[in-house]
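Good morning, colleagues. Please have the sequence and the model before you.

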Amino acid sequence: FEDNSATQWGGGGVDAWSSQLWIEDCIFRGNQSETHGGGVNLGGCTGTVSGTLFASNVASGNGGAIRGHYSSFTLQNCTLVENAGQVGGGLFCGTQTHVDLAQTIVASSLNGAAIEGEPDGSVTLNCCNLVGNTGGDWVALAADWEGQDGNLSLEPKFCEPALGNYGLSELSPCAPANSGGCGQIGAYPVECAA
């Protein structure tokens, strides 16, 4: 899903409502929304997003990469990088939304913190790397998870991010050999030498 846009409604790449959603091994790049969810906007949804890259998506409202509203879903082995949202550069948990993040990277948001949300939004994070986000990393909904359950804040050492290659170098702290028992963190495995 690349270079798409949404004007009146949210979800530059995908806008789903009252659905069970399963997204696996996809790329959302360069999408934009004039409202919420630069890459994906979910309302009243459950499901799983796994092995997926969200890069350079922009929302004029909340959730540069993903915004959930009255939803409950899992992000597993995803990479959210260089996204921008007014609030929540990577992820925004709207009203009554809960997201479980596991082995996921949220890095280098151009606007907004890594993860933000409404007061009744919530997250759990396990073996996640939040680093270099303009509005902060372990703040807002993510604040209580810093340093817990294998979570870290280290440069992920992507192979060639300037060329859109977000595979891991062999020295990456997100590589299975270096992740402290967390396995692969992020959407892509080791793809290059140091």
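Two strands are said to pair if DSSP finds at least two bridges between them. Strands themselves are DSSP runs of E, at least two residues long, and they are numbered from the N terminus. Please note that this is a predicted model, in which local features need pLDDT of at least 70, side-chain atom pairs count only at pLDDT 80 or more, and totals for chains, interfaces and linings use all residues. Residues are numbered from 1 along each chain as its sequence is written, and side-chain values use heavy atoms, with hydrogens and water left out.

With that rule in hand, consider strand β7, residues 46-50, which pairs with β11 in the parallel sense over 5 bridges. Within this pairing, T46 stands opposite S72 of β11. Strand β11 is also joined to strand β15, residues 98-102, by 5 bridges, and these two run parallel. There, Q76 has A102 of β15 as its bridge partner.

Which residues of β11 form its covered face, and which its uncovered one? In this strand, residues 72-76, the covered face holds F73 and L75, whereas S72, T74 and Q76 make up the uncovered face. In a regular strand the side chains alternate between the two faces of the sheet.

I turn now to an open sheet. It is formed by 5 strands in the order β4-β8-β12-β16-β19, with parallel pairing. Its edge strands, β4 (27-29) and β19 (129-131), each pair on one side only. From one strand to the next, the twist averages 5°, where axes are lines fitted to C-alpha atoms and angles run from 0 to 180 degrees between N-to-C directions. R29 stands opposite A55 in β8.

Let us proceed to the cysteines. A disulfide is a covalent bond between the sulfur atoms of two cysteines; here the criterion is a pair of cysteine sulfur atoms within 2.5 Å. How many disulfides does this rule give? The count comes to 2.

One of them joins C127 to C182, with an S to S distance of 2.0 Å. This link is left-handed, with -70° about the S-S bond. C127 lies in the loop between β18 (122-126) and β19, and C182 in the loop between β21 (165-169) and β22 (190-192), so the pair ties together parts that are 55 residues apart in sequence. I shall call a residue buried under 20% relative accessible area, exposed over 50%, and partly exposed in between, using a 1.4 Å probe and protein chains only. C127 is buried at 8%, and C182 is buried at 7%.

C159 and C192 also form a disulfide, their sulfur atoms 2.1 Å apart. The torsion about their S-S bond is about -105°, so this disulfide is left-handed. The pair links distant parts of the chain, with C159 in strand β20 (residues 158-160) and C192 in strand β22, 33 residues apart. C159 is buried at 17%, while C192 is partly exposed at 24%. Counting bonded cysteines along the chain, the pattern is 1-3, 2-4.

Finally, C93 is in no disulfide, and the nearest cysteine sulfur, that of C128, is 12 Å away.

How values were computed. Helix = DSSP H or I, 4+ residues; strand = E, 2+ residues; numbered from the N terminus.
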